[in-house]
Amino acid sequence: MSLIRLEQVTRTVELPDSDPLTILSGIDLEVSVGDRISVVGRSGSGKSTLLNVLGMLDSPSTGQMLFEGRPVSTFSSGQRDRIRGRDLGFIFQQFNLLQGRTALENVATPLLYATGRQFWQRDRIALEILDKVGLADRASSMPEQLSGGEQQRVAIARALVRGPRLILADEPTGALDIETGEQVMALLDEVAKESGAALVTITHDPKIAQLADTHYHLVGGVLSAVDQSVMT
Amino acid sequence: MNAFFTGIVGAFVEAAQELRIHRTRVLLSLVGVAVAVCALTVVVGAGAIAQQATVEISERFGGRPASLALQVNMADGTQPPKEMMDKAWADALDRYAISYASRNTQASQNVQFVDGVSMVQVQAVDPEFGPMRRILLDDGVWFADDDAQRLAPALVVNEVFWQRLGAPALNTNPTVTLLGADQNALGVVIGVYPTNMWDTEPAMYMLYDGYVALADTEAQANLWTEYSLWVPPEIAEELRVSLESDFSGALGEGATATVYRSDIGAQGQEDPFLAVKLVIGGIAGLVLVLGALGLVNISLVTLKQRIREIGVRRSFGATSGRIFFAVMMESVVGTIVAGAVGVVAAILIVRSPWLIEVLGQGMLTDLPPFPIEAAIIGMVAATAVGALAGLLPALVAVRVKVIDAIRF
């Protein structure tokens, strides 16, 4: 079932003293439930912009984006916010844990924007997810008391806590050493599979990209599918 | 409904978390608000006491609202014969069922102290004069109706007088000799009233009839009596006109009766303390504005450090409305707590005996309760300051671009 589809999406930005800069050009991409997709590209190739468009944090300049078959452009800002909270989970390269809050509070934060059981039982739910990523015993630790790998695991738990249908990971191992990065990616892959969520990973590391089922290259804002045999 | 309710609770939870995490910053910024609210509340509360003191002091001279003063002059400028005037006065009080009325005359009386004879200022009044003019006693009691029957006249003396007597206990019925031209009399001190700072001479109150009985013929002839009444304000004007007419008629041809309002409320102003209130309110408002500016300043500076956090929250699904409300709530929750602290501090300050003594100048009979409006004004001001101080940062927070914020 198609969750998100991009049809001929472009993204340009106006520059004050020169022609508009094209960041994404003619992107066609479909993400369905359970997909494992990787997008590899160099710095400045438009990877993060693509992820922001997929996460409804940014809007296409032209082309169309559909969420469950409905054009996202017809959604209000509040609707997009609610979809983002309910159906999407973000994992950032720099973890972006909220300072001054414990691991448990960080994981519970997205549940502050939920309703019903998810809101009222947020601490219990957050602890369960922390347990799933192996950090239940560090629930009361502050971010600065955690290693890089642990911080990213907390971030993964936070992305999964509302049970999203799509996880968007922007260079999730970019701030980790190779060994820790592989462990974190293995964990991310495992918990995403367990939850049945689609996973779109943006990375410049081919080894990380190999974990996905479908592979894309982003070069100069143009997205192209990569032959599976090339990857292996 | 459920989403709305959880949204409200969630915003409060977020605000509480923010306050906990940034407690040092919050404490520093809220000290200013607490001080401002405390100052505002103290100014309003202390203003009420000062106003009451001013009212009471003015009422001691001019009477309480509505006080009427009666003056009657004959054609030759003298007062009417005492017997005629006393009868007309008694008839008028009876006719209009006036409970609070007093004759009042000022004279001097030689008094024998242990260290010699002193001329003492005496004010001769009726028993109702005490409540009419808020006479405050440090010790003892004011005159009662049956004090007029005493053979030894009752005296209510000032503190200087009482000290000259050696500050005797009043339950020992201390006496003093009042020297007359023809005869002496023994006066009994039944009450002591406080002396103003500037008053260093002994003085006393006597009952009007007792003083007249003691005065010699010459003193009686020179007696100039004022007549005062304390009546409900709503009938004051009607009564004033009637009394003028009645007394002019009762005292015969050539008599002119003049009745006028003597209390401060009759001086033409709707609120005689309006100017004082405006000045006090202006100062309090200024203090609060300064506190609010400090809070806005700190909030804006802090917000710059929180832009990434706002972006991350938006990526979790926080709507712009929710971000706006949460940032506002941080400010409002903080200032409400600061306001409560400020109001409690203000109550402690305003009710301190030292401040009451200073503001009341030691002359307050009716200490006003802590004005509830001062506490309400303090809390409302704190909440309003919180909302206003939170508004600007909240607007800035809403305008943050999520993508830029995450990369910030």
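1. Contacts in chain B first. In this predicted model, take the contacts of chain B with a separation of 6 or more: 78% of them are between residues 24 or more positions apart. For secondary structure, chain B has 14 helices and 10 strands.

2. On overall dimensions, chain B is more spread out than a compact globule, because its radius of gyration is 32 Å while the globule rule gives 22 Å for 408 residues. Along the principal axes, the C-alpha atoms of chain B fill a box of roughly 105 × 50 × 35 Å.

3. Next, burial and surface. Out of 408 residues in chain B, 48% count as buried. The chain exposes about 19900 Å², and 62% of that comes from carbon and sulfur atoms.

4. Chain B carries 26 positive and 40 negative charges. How far apart are the mean positions of the positive and negative charges? They are 26 Å apart.

5. Now the aromatics. Searching the whole structure over all chains turns up 10 aromatic pairs. One of them is B:Trp142 with B:Tyr205, an edge-to-face pair at 5.2 Å centre to centre with 75° between the planes. This pair ties together distant parts of the chain, the two residues being 63 residues apart. B:Trp142 sits in the loop between β4 (139-140) and β5 (154-158) of chain B, whereas B:Tyr205 belongs to strand β8 (residues 203-207) of chain B.

6. Are these two partners buried or exposed? B:Trp142 counts as buried because its relative accessibility is 15%, under the 20% cut-off. B:Tyr205 has 9% relative accessibility, so it counts as buried too. Both residues also belong to one aromatic cluster, along with B:Phe129, B:Phe143 and B:Tyr193.

7. Over to chain A and its helix α1 (residues 47-54). Seven of the eight residues of α1(A) are buried, so the helix is largely enclosed by the rest of the structure. Which residues of α1(A) are the buried ones? They are A:Lys47, A:Thr49, A:Leu50, A:Leu51, A:Asn52, A:Val53 and A:Leu54. Note that the list has a lysine in it, A:Lys47.

8. A:Met56 follows α1(A), and its phi is positive, near 60°.

Terms used. Residues numbered from 1 in each chain as written. Chains lettered and ligands numbered in written order. Predicted model: local features only at pLDDT ≥ 70, side-chain atom pairs only at ≥ 80, totals over all residues. Heavy atoms only, no water. Helix = DSSP H or I, 4+ residues; strand = E, 2+ residues; numbered from the N terminus. Rg over C-alpha atoms; globule rule 2.2 N^0.38 Å. Buried < 20%, exposed > 50% of the residue type's maximum accessible area, 1.4 Å probe, protein only. Contact = heavy atoms within 4.5 Å. Areas by Shrake-Rupley, 256 points an atom, 1.4 Å probe, with all protein chains shown as cover. Lys, Arg positive; Asp, Glu negative; His and termini not counted. Charge placed at Lys NZ, Arg CZ, Asp CG, Glu CD. Phe/Tyr/Trp six-rings, centres within 6.5 Å; stacked < 30°, edge-to-face > 60°.
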